[in-house]
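Hi,

Here is the structure I promised to pass on. Have a look at it first, and then read my notes below.

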Amino acid sequence: MKKLDKLILRSFIGPFLLTFAVVEFILLTQYMLKYLDDLVGKDLGFFVIAQLLMYFSLNMAPVALPLAVLISSLMTYGNLGEHHELTAIKTSGISLIRILRPVFIFTFFLSIAAFYFNNKIVPKANLKAYSLLWDIRQKKPSLDIRENIFYNGIPGYSIKVTEKLGDEGDILKGVMIYDHSSGRGNTSVIIADSGRMYTKFNDQYLAFDLFRGKIYAEQTSNTGNDNQAGFVRQKFTSQKMLFNLSSFNLDRTREDLFKGSRMMLNIKELRHVTDSLQKQLKQERKLVAPNLGPYYAYFKADSLRRLQTPKITAISKRPLPAPNPNIISLAANKARNIKSFTTAYTEKMKVTYRESNNYQIEIFRKFTQSAACVIMFLIGAPLGAIIKKGGLGMPVLISILFFIIFYVLTILGEKWGREGIVMVGAGMWAANLILLPIGLFFLFQARNDSSLLEIDFWRRLTLRLKRNKL
């Protein structure tokens with residue numbers, strides 16, 4: 001590797017790592033805000049939150065790479081042009097293509113690594129992330145007993161506290177506990193003047209020390225007659241109660257239950273599912289006519305006997321007989337049945353078709369996100385050489401503009417491919433194919449040392465036409 005290549009790569013690697021970290025953080029923050037309500041108040045702990053953020057950061061990496069390449073390449077060659085280093089290199093006889101080559105090779109291998117990362121690592125990270133997120137959603141909120149509000153978070157009990165004192169709110173006043181654990185309703189009530197609340201056995205149990213209270217309990221008779229039921233009232237000076245908090249634990253679900261989702265599959269598995277869905281769709285289309293046949297009624301007509309009937313010599317002037325109401329009602333019912341069947345069957349085929357397209361979209365996304373790294377380099381590097389502006393000002397604004405265009409085109413092509421307006425492959429590759437000519441145009445302009453909107457081709461063409469006229 002020559003010194004020039006080392007200089008350019010050293011100038012590129014630093015901004016690339018910085019912009020990748022910033023973009024990853026922004027995308028991860030925006031993504032996690034959707035699930036903020038599911039995370040707050042669950043007392044998950046640092047390890048669970050860190051684990052969830054790590055898995056989702058791996059999911060965001062293929063999206064962050066193209067934008068990081070775009071910003072860093074624009075900053076790198078913009079800085080070289082702003083400090084006249086690019087001009088000095090060109091004056092020594094080195095072409096712009098040669099200057100772009102080391103970063104292009106790095107970006108090319110980066111796109112290959114991004115493809116394998118997207119195909120091998122991201123599905124496993126999605127499986128871990130969404131299975132953990134499902135368990136977090138199913139987890140109960142942390143213990144939160146408020147004043148003058150019945151708390152029903154502990155199974156089988158309703159707890160009400162009139163006042164909470166102390167720095168940690170563990171001193172209680174006016175405690176009322178309804179015991180529903182027997183499954184017979186409000187048959188047992190505990191009322192205490194004061195108490196103390198704390199956890200035991202590594203937060204697995206909640207203990208209540210109650211003072212100066214009474215226990216009211218209703219006892220059912222052995223004969224099953226409610227009129228013979230007894231009522232017990234017991235007074236106590238101190239009473240201890242223990243509640244099991246195992247329902248507040250984070251119980252993990254088996255990951256095998258989530259493996260069928262398309263986000264958890266690699267390309268080989270996605271193609272297998274896509275082929276199965278397409279075969280199912282073809283089979284459903286073949287069964288339309290056989291399933292529709294029983295809804296029609298067919299009547300035989302003896303055509304030979306009809307030919308042997310005598311000729312009608314005179315036209316009868318009698319009015320035609322009125323149609324049979326039973327036949328009209330039967331025909332209307334059959335028409336309604338056919339309409340409802342075709343509507344339901346068509347909707348079923350549409351669902352299968354959309355599901356097949358969704359799996360194909362996931363296949364093409366793994367390719368298009370990787371190829372976008374090269375496309376963004378072809379836009380950012382020549383554009384930086386043209387505008388000759390480095391730093392985080394103009395390059396970031398231009399990069400965000402092109403990334404928004406890329407993102408909108410990607411979403412639009414994905415939607416059209418899902419609905420069958422265009423082929424799935426054409427819709428998914430549309431953003432890259434539209435931005436590729438723009439990148440090649442910027443490369444052409446930078447190679448000819450032209451400004452951004454100055455097109456030498458038309459100027460040369462007009463000069464040649466003028467010469468021909470003369």
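**What I found**

At 47% relative accessibility, N148 counts as partly exposed. Keep in mind that this is a predicted model. N148 sits in the loop that runs between α5 and β1, and its phi is positive, about 60°, although N148 is not a glycine.

**The whole chain**

The protein has 12 helices and five strands. It is 470 residues long, and 38% of them count as buried. If you take the contacts with a separation of 6 or more, residues 24 or more positions apart account for 71% of them.

**The annotated spans**

UniProt, in an unreviewed entry, places the feature "transmembrane region" at residues 12–33, 53–78, 99–117, 367–385, 392–409 and 421–444. I looked at two of these in the model. Residues 53–78 are 100% helix and 0% strand, with 34 Å between the C-alpha atoms at the two ends. Residues 99–117 are also 100% helix and 0% strand, and here the end C-alpha atoms lie 28 Å apart.

**Helix α11**

α11 covers residues 424–447, which makes 24 residues. From its first C-alpha to its last it reaches 35 Å, close to the 34 Å expected at 1.5 Å a residue. Even so, α11 has a bend of about 45° at A430. Quite a few of its residues are buried, including V424, G427, M428, N432, L435, F442 and Q445. What do the buried residues of α11 pack against? Their partners are α4 (85–91), α5 (96–138), α9 (325–387) and α10 (394–419). Just after α11 comes D449, whose phi is positive at about 55°.

Is D135 buried or exposed? Its relative accessibility is 2%, so D135 counts as buried. Leaving out residues up to four places away in sequence, D135 touches L250, D251, R252 and T253.

**The sheet**

The five strands of the open sheet come in the order β1-β2-β3-β4-β5, and the pairing is antiparallel. Its edge strands are β1 (157–165) and β5 (230–244), each of which pairs on one side only. On average, neighbouring strands of this sheet are turned by 25° against each other, direction ignored. As background, strands of a sheet pair through backbone hydrogen bonds, either parallel or antiparallel.

Here is how some of the pairs look when you walk across:

- β2 (residues 171–179) and β3 pair in the antiparallel sense over eight bridges. In this part of the sheet, V175 stands opposite A192 in β3.
- β3 (residues 188–200) is joined to β4 by 12 bridges, and the two run antiparallel. I191 has K214 in β4 as its bridge partner, and V189 stands opposite Y216 in β4.
- β4 (residues 205–219) and β5 pair over 14 bridges, again in the antiparallel sense. The bridge partner of Y205 in β5 is N244, while I215 stands opposite Q234 in β5.

β3 and β4 also form a hairpin with four residues between the strands, and F201 in that hairpin takes a positive phi near 55°.

**One more loop to look at**

Like the loop I began with, the one between α3 (46–82) and α4 holds a residue worth a glance: H84. Its phi is near 65°, a positive value in a residue other than glycine. Is H84 buried or exposed? With a relative accessible area of 57%, H84 is exposed. N148, at 47% relative accessibility, counts as partly exposed, so the cut-off that separates the two labels is 50%.

Cheers

Notes: Residues are numbered from 1 along each chain as its sequence is written. This is a predicted model: local features need pLDDT of at least 70, side-chain atom pairs count only at pLDDT 80 or more; totals for chains, interfaces and linings use all residues. Side-chain values use heavy atoms; hydrogens and water are left out. UniProt positions are given in the numbering used here, feature names are shortened, and annotations may be inferred rather than shown by experiment. The expected span of a helix is 1.5 Å times one less than its number of residues. The bend at a residue is the angle between axes fitted to the seven residues ending there and the seven starting there. Buried means under 20% relative accessible area, exposed over 50%, partly exposed in between (1.4 Å probe, protein chains only). Contact means heavy atoms within 4.5 Å. Two strands pair if DSSP finds at least two bridges between them. Axes are lines fitted to C-alpha atoms, for helices over the stretch in contact, and angles run from 0 to 180 degrees between N-to-C directions.
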